[in-house]
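Hi there,

Here is the structure I promised to pass on to you.

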Amino acid sequence: MLQSRSNSKKNLIEVDIDYLRKKLIISNRNKLILIIKTIIFLGRNDIVFRGHRDDSKYHPQIGETCKDNFGIGNFVELLNFCIKVGDKVSKHHIPSAPKNATYISKTAQNELIECCEKTIEEVLIKKFKNFLWFIEYKSGTTGLSLAQNIISATDDLGLDIQKCRGQGYDGAGAMSGKLKGISSRVKLINSKAIFVHCACLKLNLVIGKSCNVQSVRNALDQIKDISYFFNLPPKRASCLNKFIFPGQAKLIDTRRTRWVQKLKGLYVFFDNYISVFHSMEEMAYNEGKSYNIDTSSKASCFLNLMKNLSFIVSLVLTKQIMDYFYAITVVLQTKAFDISQQCNEINCLKTQSLDLKKNIDVYHNQWYLIALDLAKTLDISKVKPRLCGRQVYRDNYPSDTVSDYFKYSIISSLLDHLINELEDRFDEDFMELLHFNISDMPHPTSIRAELDLWETFGNNQSVIPSTITET
């Protein structure tokens with residue numbers, strides 16, 4: 001040993017051992033490269049890993065595909081394909097390695113998938129984007145169980161719940177309940193974690209209340225049925241395509257939970273009304289016997305509906321009012337939307353809704369003429385719906401003219417609902433949030449001067465930052 005240490009031409013034992021250790025680590029990592037790349041490839045493309053028989057005794061020879069119908073799975077098959085086309089490291093490693101060190105078993109697959117998951121989480125946390133991860137609810141969907149899952153997840157991510165200054169959920173009882181919801185249970189732990197109802201969802205609820213107006217509810221449901229009618233047999237869609245003008249969008253399925261999609265479907269249906277009408281005529285009359293009885297019968301029902309002036313007026317008036325809501329509904333779903341800007345946009349919407357109500361005669365006359373022009377194009381006569389002394393199942397507004405009937409039954413009722421809902425659901429004050437978090441500020445008494453300075457600074461910038469991080 002002394003002689004070896006005195007010989008300067010030879011390495012020390014520690015150096016040799018360290019060199020061999022590093023060499024072994026590099027060799028083992030090279031063996032895992034193809035396996036990990038295969039896992040990442042399957043994960044990115046949403047491809048199932050394992051098959052019906054994934055045990056090693058069912059595996060084919062290295063570099064060969066499975067000739068028997070065992071269903072060994074995509075992971076093993078893809079590995080063998082890569083070996084077959086020239087991966088020499090795996091071609092030597094898999095057949096020569098001990099059975100417990102091939103790293104292709106289902107247990108090893110799960111462990112490597114977990115390693116990939118942790119790596120992705122670390123990258124997300126470092127970048128600290130808007131989304132971190134999905135939380136699996138293992139113990140139920142009650143407010144208590146979900147709150148415990150969230151708190152446990154923040155601990156796993158190394159986030160301090162006491163630094164939380166806001167919670168954003170939808171309006172479900174388990175989420176926003178004042179006594180047993182997630183928001184109230186988290187607030188018991190941290191009183192500054194105030195709950196803010198998602199502005200887009202609130203606006204969805206505001207628009208959703210418009211369905212309380214019977215004529216609007218009926219029109220939207222009927223548009224949904226017509227859109228669905230064209231989405232089933234391809235022959236129906238082919239008939240519609242013959243009448244759609246160049247540049248017009250095809251019908252959108254309005255069976256959506258988000259109102260922005262419902263409104264978009266409403267607009268597309270309005271733009272294609274004449275094309276849909278003529279396609280319904282062709283299928284209903286069925287002169288060439290090209291359509292079956294079911295298609296012809298349903299088309300005849302829809303054609304009679306579209307010949308009804310009440311349906312046309314309901315469609316036009318609803319569309320014209322919802323035009324004011326569509327833009328802000330889209331904007332509220334963007335990632336970077338300042339709360340003060342949201343308040344300004346909602347206040348503008350409230351003011352505009354009140355102006356529509358105040359000048360209802362002017363707006364109604366303009367919109368009613370649009371409906372009459374559409375009806376005239378399709379040779380549909382102007383007839384007021386039948387009224388009676390007592391009506392339960394449909395609108396029964398007393399009026400002198402056809403125009404006044406639709407003004408009272410649709411526009412007036414719809415605007416009343418929208419204005420009331422906007423007032424009830426959007427009553428937050430931006431300055432209240434500042435006062436609530438006043439203790440977090442370094443100089444609370446200087447908040448007004450601080451805001452003025454930031455406003456001046458922003459006005460002097462050529463490019464306005466869109467997020468807090470950029471600011």
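This is a predicted model: local features need pLDDT of at least 70, side-chain atom pairs count only at pLDDT 80 or more; totals for chains, interfaces and linings use all residues.

Let's start with Ile104, which is buried because its relative accessible area is 12%, and buried means under 20%. You will find Ile104 in the loop between helix 4 (88-96) and helix 5 (106-127).

Next, go to helix 15, which covers residues 309-331 and contains Gln320. Is Gln320 buried or exposed? Gln320 counts as buried, since its relative accessibility is 12%. Which residues does Gln320 touch, if we leave out those up to four places away in sequence? The answer is Trp367 and Ile370.

Now for the cysteines. A disulfide is a covalent bond between the sulfur atoms of two cysteines. How many disulfides does the count come to here? The count is zero. To count as a disulfide, the sulfur atoms would have to be within 2.5 Å.

Finally, compare how accessible two of the cysteines are. Cys115 counts as partly exposed, because its relative accessibility is 46%. Cys348 has a relative accessibility of 52%, so Cys348 counts as exposed; the cut-off for exposed is over 50%.

Enjoy exploring, and write back with any questions!

Best wishes

Conventions: Residues are numbered from 1 along each chain as its sequence is written. Side-chain values use heavy atoms; hydrogens and water are left out. Helices (H or I, at least four residues) and strands (E, at least two) are DSSP runs, numbered from the N terminus. Buried means under 20% relative accessible area, exposed over 50%, partly exposed in between (1.4 Å probe, protein chains only). Contact means heavy atoms within 4.5 Å.
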